Every structure is written in C-alpha cells, then in structure tokens.
Amino acid sequence: MRPVCLVGSMIADVQGELSETGIPSFRTDVANQASSGGKVTQVAGGVCLNIARALRALGLGPIQLVSAVGPDAAGRMLLETCSEAGICTKGVLTIENGRTATVLCLFNCGGEVVFSLADVSILEDNVTPAMALTCMA
C-alpha cells in the first residue's frame, strides 16, 4: 500500500485557561503588571499532525509527515507524538537554530479565546509543497 503523505504544520499548542478569579480581559494600552491564576498546558497540534493522527486512529497507513521542527523540547515532543502514533517522520526536517512552531492561546474561564499568538516562521520559511517528493523516495 502506498503511503499517505501529508505536508504542513506540526505545532506545539500552548493553552492558557484563566481561572474564575483570573483577570477576565486585558488592556492593550498599558502593561499588565499582574499574574493571573489559571492552568497552562502544552499539546501536540497543527492541521497536518492532527489529520495524520486521525487517519492512524481510523487504521489507515502508512502515514508520512513532511514538515519542520526545531531541535528544542517542543520539536522533540512533536516527533515523539508521531512515533507513539505510528506516523513516519522521515520527511520532517530538524532546522538547526530553528524554533519549533508554537501557538499560544489564552482562554477565559468561559472557554473563549481572549488572545492568540503564533510563532510559525519555521514552517513559513522551510515547508514547501515540493517537499512531498520526500514521500516518494
């Protein structure tokens, strides 16, 4: 069976959820000098990785990812997530001096996104459709 090749994003999603006593909104015109109570988690995400995991959960395979990560803890977490799911990462580049794509989302206590910040330059600078050819090698 030919592998399914997915080209795109692998992202470390950092999610912050404000507690009931946390500050419910932020002013952008002044520096916020206080910490807010809440919960912070980091999970593996990104459209490409999420689709790959869904396909594996359906029993399809082999699945090959083509993407890029940095040589940091977030990149290692994403590669480990793939390994545990049985997803081939031979097409995932590790970019020396790169930062693994990370998205930070802050949710209020009602579960709504209050703020989001994306650092995905490693993907914008290094992942191209032509990289799908690595699945054919």
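**Sheet, salt bridge and patch**

Reader: How do you know where helix H2 lies, and at what angle to S3?

Author: In this predicted model, helix H2 (residues 73-85) lies across S2 and S3. Helix H2 runs at about 55 degrees to S3. That angle is taken between axes fitted to C-alpha atoms, in N-to-C directions, on a scale from 0 to 180 degrees. Helices (H or I, at least four residues) and strands (E, at least two) are DSSP runs, numbered from the N terminus. Local features need pLDDT of at least 70 and side-chain atom pairs 80 or more, while totals use all residues. Residues are numbered from 1 along each chain, and side-chain values use heavy atoms, without hydrogens or water.

Reader: What makes S2 and S3 a pair, and in which sense?

Author: Two strands pair if DSSP finds at least two bridges between them. Strand S2 (residues 11-18) and S3 have eight bridges, in the antiparallel sense. Therefore they count as paired. Leucine 18, for one, has glycine 38 in S3 as its bridge partner.

Reader: What is the order of the strands in the open sheet?

Author: The order is S3-S2-S6-S7, with mixed pairing. Strand S3 (38-45) and strand S7 (113-119) each have a single partner strand, so they stand at the edges. One side of each is left without a neighbour in the sheet. From one strand to the next, the twist averages 15 degrees.

Reader: Why is the meeting of arginine 99 and aspartate 119 called a salt bridge?

Author: The rule asks for a side-chain nitrogen of Lys or Arg within 4 Å of a carboxyl oxygen of Asp or Glu. Here the N to O distance is 2.9 Å. So the pair qualifies. By this rule the count is one salt bridge. Arginine 99 lies in the loop between strand S5 (88-94) and strand S6 (102-107), and aspartate 119 in strand S7, so the pair ties together parts 20 residues apart in sequence.

Reader: Is arginine 99 buried or exposed?

Author: Exposed means over 50% relative accessible area, buried under 20%, and partly exposed in between (1.4 Å probe, protein chains only). Arginine 99 has 52%, so it is exposed. Aspartate 119 has 27%, so that residue is partly exposed.

Reader: Which residues make the nonpolar surface patch?

Author: Leu104, Val114, Phe115 and Leu117 make it, with about 320 Å². Patch residues need over 30% relative accessible area and no salt bridge, and nonpolar side chains are joined within 5 Å. Phenylalanine 115 has 42%, so it passes the area cut-off. Its place is in strand S7. S7 gives the most to the patch, with three residues.

Key: Contact means heavy atoms within 4.5 Å. Patches are made of residues with over 30% relative accessible area and no salt bridge: like charges are joined within 9 Å, nonpolar side chains (Val, Leu, Ile, Met, Phe, Trp, Tyr) within 5 Å. Accessible areas come from the Shrake-Rupley method with a 1.4 Å probe; for residues, only the protein chains shown count as cover.
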